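Have the coordinates open as you read.

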Amino acid sequence: MSSKKTIQLVLLVLVGGGAIFWGTGWLKHRTSHVLEDDARITTDLIAVSSRVAGWVREIPVSQGQRINENSMIALIDQRQARLKLAELEARRAELDAQKITLQSQINLVVRQIDHRTKVQSHNVDSSASEARAAEAQVRLKRSELKRLRPLERRKIASSKDLEKAEIELLNAKSHQVSAISQLEATKARLLEIEADRGQVAVLQRKSDEIDSKRLTLQTLIDRQYLDIEDRKVKSPINGVVDKVFIDQGEFVRQGQRIALIHDPKNVWVETNVRETELRHVIVGAPVNITVDAYPNEPFLGKVLRVGSSATSQFALLPNPNASGNFTKISQRVPVKISIDAVKGKPLRPGMMVEVEIVIPEPKR
């Protein structure tokens, strides 16, 4: 055998052995993994919208910019809202002034009534004392008259003394009637003064009405403060701006989308696995991931969730297949896979990746 043929034979054996080795390794890898090359980096894209309508004064962020939670994304014109707030606060100040004035009136009326009540109570006590003195005087004069009558019949006392006693009794009775009338008049006046306290109740009801109006107005003021704060459109998370949909000077409507943001720490891989291989995919299975943007950098992950419905169930135009004639196509089920970030290799939503889901060994 010539040396040339020997070399050819050796090369043939090496190529054949290499092919067999490579084919065996490929077949082993293919049977131990579920391979999908149509997978993408996915995240929760948060649409930041405006709660109010107005003209956009500032857009301090741009696409790709990192922002912190509560960072301002857009500033909507606040001038009209602040003018309305100033009007509401002026009305509140007016109510406060009315409240102070009314409370001063209430305090003044209460002090006046208390003073008049105190004075009139003294008058009542004085009239009562006079009435009691007049009653005692009547009893005294009646007793003297009663004592003089038998003396006058026995000629011990004169008729003049008897007449004088009768006149004094009449005068005492007249004075008693006058004292009783005065007592009743002072009591009536005291009741009138106490009745004047109804003015305090009327003023207090007006004060309560002011409190009610102020409470309603305070609610409007709080709402206006919220409206002003809502004109500062802020980020709800620490994240990255994916896209800005408006420019400075535009008019935005309530609920209009202003920007899309996402949390770069909260990304995962989304892929659709053929139903014929779905039996090999279990939650928690390790996954080898290759990101097209970093072909020489291996990424690791694991299966987080296996979908409960095929993707065809969510098609906008599902095919009901009423005729019964169809071509059988293998359906796909969505699978969510976690991915461990590598320092210095940012993962952006939409990046294409390839996944190799490890098939668990069968239990013996």
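## Model and a buried threonine

Thr43 sits in strand β1 (strands are DSSP E runs of at least two residues, helices H or I runs of at least four, numbered from the N terminus). This is a predicted model, where local features need pLDDT of at least 70, side-chain atom pairs count only at pLDDT 80 or more, and totals for chains, interfaces and linings use all residues. Residues are numbered from 1 along each chain as its sequence is written, and side-chain values use heavy atoms, without hydrogens and water.

Thr43 is buried at 10% relative accessible area (buried is under 20%, exposed over 50%, partly exposed in between, with a 1.4 Å probe and protein chains only). Its side chain reaches the backbone oxygen of Asn266 at 2.6 Å.

## Nonpolar core

The largest nonpolar core has 23 residues (buried Ala, Val, Leu, Ile, Met, Phe, Trp, Tyr and Cys joined through side-chain atoms within 4.5 Å). Val269, Ile289, Val291, Ile339 and Ile357 touch the most other members. Elements giving two or more residues include β1 (33-43) and β10 (267-274).

## Salt bridges

The count is 11 salt bridges (a Lys or Arg side-chain nitrogen within 4 Å of an Asp or Glu carboxyl oxygen). Arg51 pairs with Asp230 at 3.3 Å, N to O. Arg51 lies in the loop between β2 (46-49) and β3 (54-58) and Asp230 in helix α4 (residues 198-230), so the pair ties together parts 179 residues apart in sequence. Arg51 is exposed at 59%; Asp230 is buried at 14%.

Arg274 and Glu277 also meet in a salt bridge, at 3.3 Å, N to O. Shared partners join Glu36, Arg274, Glu277 and Arg332 into one network.

Methods:
Polar contact = N/O pair within 3.5 Å; in protein donor to acceptor, adjacent residues only side chain to side chain.
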